[in-house]
Amino acid sequence: MSKIAFIGLGNMGLPMAKNLVAAGHEVTGFDLSDGAKAGLQESGGKVADTIAAAVADAEIIVSMLPAGKHVTAVYTDSDGVIANAAAGALLIDSSTIDVDTARAVSAKAEAAGFAMVDAPVSGGVGGAAAGTLTFMVGGTDEAYQAAKPVLDIMGQNIFHAGGSGNGQVAKICNNMLLGISMIGTAEAFMLGEKLGLDAQTFFDISSTASGQCWSMTSYCPAPGPVPSSPANNDYQAGFTAAMMLKDLMLAQEASSSADASTPMGQRATELYTQMAEAGHDSLDFSGIMKMLKGEG
Ligand code: NAD
């Protein structure tokens, strides 16, 4: 049993923290929201009034926060993690944030004597609750090995992506590809339908031909062929278009700081921005199909 502090008990963080409690760890949570803290308490966790109190005697500190600015504040402020954690604590940030911030915060942690990994996830709220998340981890071999037993409780597939920040790199490159492939899949189904090709017939052909991809076979944006996909439920999320846009924007930011050319990622960002500006960013990201069909 380890003493674990968990900071950020939102849609993802709370179920992840609950899984650590269920595995027998002593988990102390902190969030700005009292409701979020109450959720952990109801499941047998402890809560603290400040970050300093949450981390004071923790051996492992996990965070799951909205964006880079929150991670910077939570770790580097004078009342934050680095200034108040016990010597030897392992720091794990599972938020999806920009690569530069992940590397800068890790460097500050290391300068203060702490091992830190970035460990963003895919798998969504369902994966967080079921303990089946995929973790993409950036950090030293030693830090990865130390983090793995805790990540194994919350996830099913744990990958070491390389040094500090590489977890975030893997996450945004994967999600950039997902955004692009979803738009491509939706375009193909839309065009097929306009030309008189039934969605199921096209699915049967393309899912066994060279156009096949996850966006088609597991998450088809056209209603019908994949019963579990949000297309069959009025595009209720799922993974919202707002979250896809967040990840695409992180990818574009990283692309320009690396002086890379990612024109398809850029176009995907523009199209999801258009979807958000039309007021549909709380729909599932596969709802881009409706926009392409001119239905919203
Ligand atoms: P959320 O908004 O539900 O939860 C974030 C929590 O952080 C909130 O409870 C908020 O009160 C808390 N918080 C903010 N600032 C804080 C601070 N200074 N100190 C303490 N707590 C603070 O978000 P979420 O859906 O749980 O997502 C968390 C992260 O996981 C994001 O980076 C997101 O991109 C990523 N992610 C989310 C999903 C998903 O499906 N929701 C999937 C993969 C990755």
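This is a predicted model: local features need pLDDT of at least 70, side-chain atom pairs count only at pLDDT 80 or more; totals for chains, interfaces and linings use all residues.
Start by colouring residues 3–162 as domain 1 and residues 169–292 as domain 2. Their C-alpha centres lie 30 Å apart. To the contact between them, domain 1 gives 13 residues and domain 2 gives ten residues.

**The ligand**

Now select the ligand. Both domains give residues to the shell around the ligand, so the ligand lies between them. Show the 22 residues around it; the ones that come nearest are Asn 11, Met 12, Asp 31, Leu 65 and Lys 246. By type, the shell holds twelve nonpolar, seven polar and three charged residues. Three helices each supply at least two residues of this shell: helix 4 (68–76), helix 7 (124–130) and helix 12 (241–257).

- Asp 31: a side-chain N or O atom is 2.6 Å from a ligand oxygen.
- Met 12: here a backbone N or O atom lies 2.8 Å from an oxygen atom of the ligand.
- Lys 246: an N or O atom of the side chain is 2.8 Å from a ligand oxygen.

How much of the ligand does the protein bury? Taken alone, the ligand exposes 840 Å², and 83% of that is buried by the protein.

Move to residues 13–22, which form helix 1; eight of its ten residues are buried. Among the buried ones are Leu 14, Met 16, Leu 20 and Val 21. If you show their surroundings, you will find the buried residues of helix 1 packing against strand 1 (3–7), strand 2 (26–30) and helix 2 (34–42), and also against helix 7, strand 8 (133–138) and helix 8 (141–154). After the helix comes Gly 24, with a positive phi near 100 degrees.

Then step back to Leu 9, in the loop between strand 1 and helix 1. Is Leu 9 buried or exposed? Its relative accessibility is 2%, so Leu 9 counts as buried. Leaving aside residues up to four places away in sequence, its contacts include Leu 14 and Ala 17, as well as Phe 30 and Asp 31.

**The loop between helix 11 and helix 12**

Select Tyr 235, which is found in the loop between helix 11 and helix 12. Tyr 235 is not a glycine, yet its phi is positive, about 60 degrees. At 6% relative accessibility, Tyr 235 counts as buried.

Further along, check the peptide bond joining Ala 237 and Gly 238: this bond is cis, with omega about 5 degrees. Gly 238 belongs to the loop between helix 11 and helix 12.

Thr 240 lies in the loop between helix 11 (214–217) and helix 12. The side chain of Thr 240 reaches the backbone nitrogen of Met 243 at 3.1 Å. With a relative accessible area of 19%, Thr 240 is buried. Not counting residues up to four places away in sequence, Thr 240 touches Asp 281, Ser 282, Leu 283, Asp 284 and Phe 285.

**Last stop: Asp 259**

Finish at Asp 259, in the loop between helix 12 and helix 13 (263–277). Asp 259 has a positive phi of about 55 degrees, although it is not a glycine. Its relative accessibility is 73%, so Asp 259 counts as exposed.

Definitions and conventions:
Residues are numbered from 1 along each chain as its sequence is written. Side-chain values use heavy atoms; hydrogens and water are left out. A residue is near a molecule or strand if one of its heavy atoms lies within 4 Å of it. A polar contact is a pair of N or O atoms within 3.5 Å; within protein, one must be able to donate a hydrogen and the other to accept it, and residues adjacent in sequence count only if both atoms are side-chain atoms. Accessible areas come from the Shrake-Rupley method with a 1.4 Å probe; for residues, only the protein chains shown count as cover. Helices (H or I, at least four residues) and strands (E, at least two) are DSSP runs, numbered from the N terminus. Ala, Val, Leu, Ile, Met, Phe, Trp, Tyr, Cys and Pro count as nonpolar, Asp, Glu, Lys and Arg as charged, and the others, Gly among them, as polar. Domain bounds come from an automatic or database domain assignment. Buried means under 20% relative accessible area, exposed over 50%, partly exposed in between (1.4 Å probe, protein chains only). Contact means heavy atoms within 4.5 Å.
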